[in-house]
Amino acid sequence: VLAELIEKFVSHLSESQLDCYFSTGNEKAVDADVKNESLSSAQQLGVEMTVRYGKYLNLLKEHAENGLCFVLMNCKKFLKQEQRTVVSSLCCLQEHCPGYDWFVSSIFLIMSGDTEKTLTFLQKFSRLLVSAFLWLPRLHISVHLPVTTVESGIHPIYFCSAHYIEMLLKAKLPLVFAAFHRSGFTPSQICLQWITQCFWNYMDWSEICHYIATCILLGPDYQIYMCISVFKHLQQDILKHTEA
């Protein structure tokens, strides 16, 4: 039901010029010839973890690994078309796709391992503004960003979502904000980790689905409210650990 809901919603929005924030270069959703693309050892490990989790949730069948690899390689090829050539000594700018793509993996599971559905959804979703906030590799060394932003190596999620999370946390949960301040560890660091991993390893699968659906249906600002609500939920634990 959730898959069908977000599919129809994204399909509807992607047909409206007013809602399409990004123009996509190649409209082809599935490219059968992705032999030139390869996955790093970290990405292959991510694939194994995703498939294991998907089977545990009874969402994936046998041989789902090949399907997920095919999806990730297609995404890699698509995102390469929208990336700048950057000359930099920063390690994070050396790779076309650093780390593992947890958002694509989440969509693959929501679509029950259907590669065609996953790629069609992602291709339409990539036109919307919310894709910049949920799908972090979407804006990695992207042509959609100013050159100075790209060269800094700092993802926009850090100075957009994470910045507003800290502002709201100070206003709404001053004790939690003070606890972080005293620890010398910023809330934005942990939020960046949560957002990058789509809350994998932090929330149950149903809650991860709710997070993705809420941000798609209600807007990317709900990513900020979600993080604030998690901090509110953890407030007593955070304060207890601060005292200890």
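Student: Which residues in H2 meet which residues in H4?
Tutor: This is a predicted model, so keep that in mind. In H2, look at Met49, Thr50, Tyr53 and Gly54. They meet Trp102, Ser105 and Leu109 in H4.

Student: What classes of residue are in that contact of H2 with H4?
Tutor: Four are nonpolar and three are polar. There are no charged residues.

Student: How do the axes of H2 and H4 cross?
Tutor: They cross at roughly 30 degrees and come within 11 Å. Angles under 35 degrees count as roughly parallel, so H2 is roughly parallel to H4. H2 passes H4 in a right-handed crossing.

Student: OK, and H2 with H3? At what angle do they cross?
Tutor: Roughly 135 degrees. The axes come within 10 Å. H2 and H3 are therefore oblique to each other. The crossing of H2 past H3 is right-handed.

Student: Which residues make that contact?
Tutor: From H2, take Gln43, Val47, Glu48, Thr50 and Val51. From H3, take Ala64, Glu65, Leu68, Cys69, Leu72 and Lys76. By class, six are nonpolar, two are polar and three are charged.

Student: New topic. Where is Met111?
Tutor: Met111 sits in the loop between H4 and H5.

Student: Buried or exposed?
Tutor: Buried. Its relative accessibility is 4%, and buried means under 20%, so Met111 counts as buried.

Student: What does Met111 touch?
Tutor: Leave out residues up to four places away in sequence. Then Met111 touches Ala3, Ile6, Glu7, Lys117, Thr118 and Phe121.

Student: And how many residues apart in sequence are Met111 and Glu4?
Tutor: They are 107 residues apart in sequence. In space, their C-alpha atoms are 8.6 Å apart.

Student: Let's jump to H11. Which of its residues are buried?
Tutor: Pro187, Ser188, Cys191, Trp194 and Ile195. Seen down the axis of H11, these buried residues fall within an arc of 115 degrees, so they line one face of the helix.

Student: Which helices do those buried residues pack against?
Tutor: The buried residues of H11 pack against H6, H8, H9, H10, H12 and H13.

Student: Last one. What follows H11?
Tutor: Cys198 follows H11. The phi of Cys198 is positive, near 55 degrees.

Technical notes. Residues numbered from 1 in each chain as written. Predicted model: local features only at pLDDT ≥ 70, side-chain atom pairs only at ≥ 80, totals over all residues. Heavy atoms only, no water. Axes fitted to C-alpha atoms, helices over the stretch in contact; angles between N-to-C directions. Helix = DSSP H or I, 4+ residues; strand = E, 2+ residues; numbered from the N terminus. Parallel < 35°, antiparallel > 145°, perpendicular 65-115°, else oblique. Left-handed = near helix turned anticlockwise from the far one by under 90°. Contact = heavy atoms within 4.5 Å. Nonpolar A, V, L, I, M, F, W, Y, C, P; charged D, E, K, R; others polar. Buried < 20%, exposed > 50% of the residue type's maximum accessible area, 1.4 Å probe, protein only. Arc of directions from axis to C-beta.
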